[in-house]
Every structure is written in C-alpha cells, then in structure tokens.
Amino acid sequence: AIYYSLETKGGSKVHLVVVDMKTGKWRLTPAINEHTGTTSDTAIKNRASAAVNAGYFNLSDGVSTSYVTIGGKLVADPRTNKALIENPKLAPHLEAIFNRSEVRIFSDEHGSQSVQIAAHNDPVPAGLKLEHSVQAGPRLLPVLRDKEEAFVRTDPDGKASDSIGSRKPAARTAFGITADGYAMLVCVSGNGQESRSAGVTLPELAELLKTLGCSEAINLDGGASSTMFVRLKSADPAGAADMTQGQVVCGKTPETKVKSALLLQKAVP
C-alpha cells in the first residue's frame, strides 16, 4: 500500500492510497460510530493503516443516510432515518436514494476478499458472500450517475436541486478500483483544508479517477467531511526499524466528526 500526494491541473492537492488487493495482505472494512467520531480516531481504534470518511449522515443528530453492512449485519439503514423519509421534497426520489451506489466487499469459499461498486439493490454475485458494504454515491465511473441517484434532481416545487454541489469545486472523497485488482482511496483538499486547493467538481473527480487508472469509482461524502488518515513509515533516529506514525494528511482543523469510515487494514495471517 503506497501513499502519494499530487496536484490536479487546476492546482488542487490530491491525497491517494493505492493498494494491490491481489496480494491478500490487505482488507477493506467499513466502520461506524455510535454517534459521530473523527476518521483518525476511528482508524486508530480499529488499528487501520489508512482510512477515509465514507457514508452520508445527518449533521443534526449523526443518523446515517447510507446503508452500512459490517460482518454480514446491516448496522445502518436509511429507511429508518426520519429526517430523510419525512422530507416531502425527497418523497418522489426515495426509491433512487435507497438504491444509491455502494462499495461492496465479498469473500469467496476460500476466504479471499474481492471488491465491487454496485447499486444497493443489485444482486450478490453467485458464489460470493457479502461481508461488508458502505453506501454513498454517486457512481463516478464508468459513467457519472448524479442524476440517476437523485443528487441532482427537480423537487416537487419545480426547483432544481444539487445536494452535493456536483458542478462546483469542493473537497471530495472517493474510492476506485482498477481492472487489474488495485484499490484506491482518494481525497482532494478543498477550500479551508489546504492553501490554494479549491477542490474539484464531480466531473473533474471522475476524470481524475479515470486518469489514475480506475475502471470503476464512487464518490463518498465530501465537503467538510473529506478526511484521509494514513500511517507513514519514517526512519527511526536510533537506526532501528522504521517507525510507523499515523497522521491526517487531508482534512479540516479541528477534524470533522463523521458517521462512518472506510478502513484499510492488514490481513490477519
């Protein structure tokens, strides 16, 4: 697993963790906080090597607006979110909202893990068991689905709505996979997170993931929530083995509290 930092053509700062999932040395797992908590605290508590914020949630009370499954158990269900289901403007769009894209982690009969991006209602492939999932959206690749997933929509009063400012530069978090078995955790810093980094639009984020080699990608919660934590190896001044230190490489100060995170953990032998 390798951490990179780079810049977009527009000068925004990109933070990237690339993982070769074919080695079997790594596991992707979502985590959820009882109320909300910082991405770094969630990562440290779960002994993760890297982490990004993941699903959407109510800022008012921390209730998830995204499905989250951990260990085969549904631990967050947006259908029980009163602020979501009782909002009259969202009523015509609930079917699309509940079917938004998600990151899925499967295991086969040998315990090997595989990763897929799919709509929530898509069937589980034959021969695989759904271990974990975390919903967010919209799907970025192979095509951007912000309208199909009701992020960009027309409300009952006839007004156009863009709930995540998809066409405006902002801090963004994303997850992508390549055709040859690599996974990528991506954070792009926005205004207020790093100087001179304005962030990117969703179409620009999709193009970035495509340029990095992803064939599939999904947008995760962005804006103030966008956070990446990594453990970076640094030389021990005493000349011993490398020391592994954790730090937030992308995010606000103080760090934003979130409902869920996507963790990269070393596989247990």
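This is a predicted model: local features need pLDDT of at least 70, side-chain atom pairs count only at pLDDT 80 or more; totals for chains, interfaces and linings use all residues.
**Entry 1: the open sheet.** I began with strand order. I found an open sheet of five strands, arranged β6-β5-β9-β7-β8 and paired antiparallel. I then asked which strands stand at its edges. They are β6, covering 73–76, and β8, covering 113–119. Each has a single partner strand, so one side of each lacks a neighbour in the sheet.

**Entry 2: the β5 and β6 pair.** I next looked up the pairing of edge strand β6. Strand β5, residues 68–70, joins β6 through three bridges in the antiparallel sense. At residue level, I located Ile70 opposite Lys73, the latter in β6. As background, I recall that strands of a sheet pair through backbone hydrogen bonds.

**Entry 3: strand β15.** I turned to β15, residues 216–220, and asked how many of its residues are buried. Four of the five are, so this strand is largely enclosed by the rest of the structure. The cut-off for buried that I applied is under 20% relative accessible area.

**Entry 4: partners of β15.** I looked up two pairings of this strand. Strand β10, residues 139–141, pairs antiparallel with β15 over two bridges. Within these strands, I found Arg139 opposite Ile218 of β15. Strand β13, residues 172–177, also runs antiparallel to β15, and five bridges join them. There I recorded Leu220 in β15 as the bridge partner of Thr173.

Note on methods. Residues are numbered from 1 along each chain as its sequence is written. Side-chain values use heavy atoms; hydrogens and water are left out. Two strands pair if DSSP finds at least two bridges between them. Buried means under 20% relative accessible area, exposed over 50%, partly exposed in between (1.4 Å probe, protein chains only).
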